[in-house]
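Please keep the sequence and the structure at hand while reading.

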Amino acid sequence: MVSKVARRKVFPTRDLMQIPCVSGLEVLAGVVLFALLLVGAAVPIVLRQRRHDREIAAKLARAKRLGTSETASLHPLIDEGLCIGCEECVRGCPEQDVLATYRHKAVVVDAVECVGHGICERVCPVGAISLVIGTETRGVEIPRLTEYFETNVPGLFVVGELGGMGLIRNAIWQATQAVRHIAERAAPGRWDRGTVLVVGAGPAGLAAALAAREAKLPFRIIEQGSLGGSMLHYPRRKLVMTHAVSLPGGGELPGREVEKEPLLEFWRELAAARGITIEEDTRLEYVERAGAGLVARTSRGAIEAACVLLALGRRGTPRRLDVPGEATEKVYYRLLEPERFTDVRVLVVGGGSAAVEAALALAEREGVEVTLCHRRAEFSARAALLEQLAAAEKARRIEVLRDARVTRIEPDRVWLEVRGAPAERANDHVFVMIGGTPPYDVLKRSGVDLETKFGTPLRRR
């Protein structure tokens with residue numbers, strides 16, 4: 001009979017004796033080896049991070065020097081206390097130069113490049129980003145609006161970018177809601193003589209026209225330039241829409257992510273299909289009351305309206321050089337179709353992304369000699385465009401004049417001052433791309449109350 005003790009599993013003592021003994025010196029050597037391996041793996045990461053931070057610090061310093069680190073337009077505000085440096089916002093932003101990480105926190109590098117897509121705000125997993133207008137030191141005036149985007153002037157509405165909302169989806173929604181509100185409160189017969197006047201033929205203005213047609217309201221749409229509004233001044237192939245958008249009267253804009261050119265073509269086809277006539281080259285000067293309605297004073301005369309809806313955008317009127325000879329047909333303030341230009345000599349004036357992009361586009365055309373003139377030593381364009389410009393300048397495809405300004409424009413040449421010395425260039429066309437003047441004067445002359453925003457989050461859809 002086997003005893004209970006015999007049935008237990010007993011480990012032989014000789015097996016334990018066979019386990020090798022490890023000395024303290026060997027343990028220490030192992031720890032040191034592991035530490036060395038850990039340090040060896042960490043050093044490249046630390047060096048890469050330091051190099052990355054130096055590059056971003058240089059970009060931040062440059063942006064501050066050029067004045068592109070702050071903007072009055074819509075842009076992201078980052079709460080450093082909440083930010084975890086995950087880079088989701090950097091990867092999500094379609095504008096490659098706006099956001100970066102610096103010392104493990106997200107930072108705004110070039111605020112002026114932000115167009116308010118809002119993707120950064122949506123993808124942040126900790127809610128550290130909000131879109132705001134203005135900054136603590138640089139306020140921006142926007143009109144006081146009701147929930148239906150009506151100003152303190154009865155019947156005068158402001159939608160889209162001029163009201164602080166640059167995102168196409170929100171601009172279309174605002175315009176649609178404003179027009180539907182107008183239709184709901186309109187008394188029977190009121191519209192027999194009255195008209196809804198839409199000012200601006202960008203996305204907000206076109207959406208307002210579609211909404212008016214859907215509601216069977218008589219309307220007119222005027223535009224100081226041509227169809228497209230502020231989008232015409234964006235660089236080619238710029239991503240201008242990142243959401244699916246429904247339009248008044250049914251239908252959607254094509255796709256979720258749309259670049260400038262396809263969207264402009266879509267608007268042209270839609271306007272033609274819906275019979276929307278745009279009165280181009282008609283600039284609004286101000287709006288005044290006239291009895292129960294309004295009168296819009298424009299560059300082409302007065303327009304009576306029951307309601308006026310301003311969808312002007314913030315760019316406003318293109319800035320001019322104010323030099324002799326500027327008021328000629330050879331001077332342009334935007335580049336719509338670079339393919340129309342061949343075998344000509346052109347001068348592009350400006351230092352931002354629009355000017356650099358225009359110079360690069362013209363330099364691709366056969367036989368086009370391009371000179372780019374900027375009043376400062378440094379350009380404020382986005383980094384990718386500056387790299388292309390440097391390559392084009394090195395290859396002598398573009399002549400770049402820094403610290404230069406135009407002094408006179410003649411039919412076959414332009415006169416300049418380059419670093420204090422007079423100069424001239426043979427010339428056929430001049431493209432002035434030095435930004436625009438926001439239409440605040442229109443609002444003030446129309447009696448609209450304004451309020452200043454200092455980094456204030458806006459009401460969004």
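## Burial and surface

Of the 461 residues in the protein chain, 46% are buried, in what is a predicted model. The accessible surface of the protein chain amounts to about 24,000 Å², and carbon and sulfur atoms contribute 52% of that area.

## Secondary structure and contacts

The protein chain contains eleven helices and 27 strands.

## Confidence of the model

The protein chain has a mean pLDDT of 83, and 83% of its residues reach a value of 70 or more. Over residues 1-11, however, the pLDDT is below 50, and in the model this stretch has one contact beyond its near neighbours in sequence.

## Salt bridges

The count of salt bridges comes to 19. Among them is a network that links R62, R65 and E378.

Individual pairs can be described together with the accessibility of each partner. R340 forms a salt bridge with E337, with 3.4 Å between the closest N and O atoms; R340 is exposed, since its relative accessible area of 52% is over the 50% cut-off, whereas E337, with a relative accessible area of 39%, is partly exposed. In the salt bridge between the side chains of R402 and E393, the distance from N to O is 3.1 Å. Both partners count as partly exposed, R402 at 25% relative accessibility and E393 at 28%.

## A pair between two loops

Which parts does the pair of D403 and R419 tie together? The closest N and O atoms of this salt bridge are 3.8 Å apart. D403 lies in the loop between β20 (398-401) and β21 (404-410), while R419 lies in the loop between β22 (413-418) and β23 (421-426), so the pair ties together parts that are 16 residues apart in sequence.

The two partners also fall into separate accessibility classes: D403 counts as partly exposed, at 32% relative accessibility, and R419 counts as exposed, at 62%.

Conventions. Residues are numbered from 1 along each chain as its sequence is written. This is a predicted model: local features need pLDDT of at least 70, side-chain atom pairs count only at pLDDT 80 or more; totals for chains, interfaces and linings use all residues. Side-chain values use heavy atoms; hydrogens and water are left out. pLDDT is the predictor's confidence in each residue, from 0 to 100. Contact means heavy atoms within 4.5 Å. A salt bridge is a side-chain nitrogen of Lys or Arg within 4 Å of a carboxyl oxygen of Asp or Glu. Buried means under 20% relative accessible area, exposed over 50%, partly exposed in between (1.4 Å probe, protein chains only). Helices (H or I, at least four residues) and strands (E, at least two) are DSSP runs, numbered from the N terminus. Accessible areas come from the Shrake-Rupley method with a 1.4 Å probe; for residues, only the protein chains shown count as cover.
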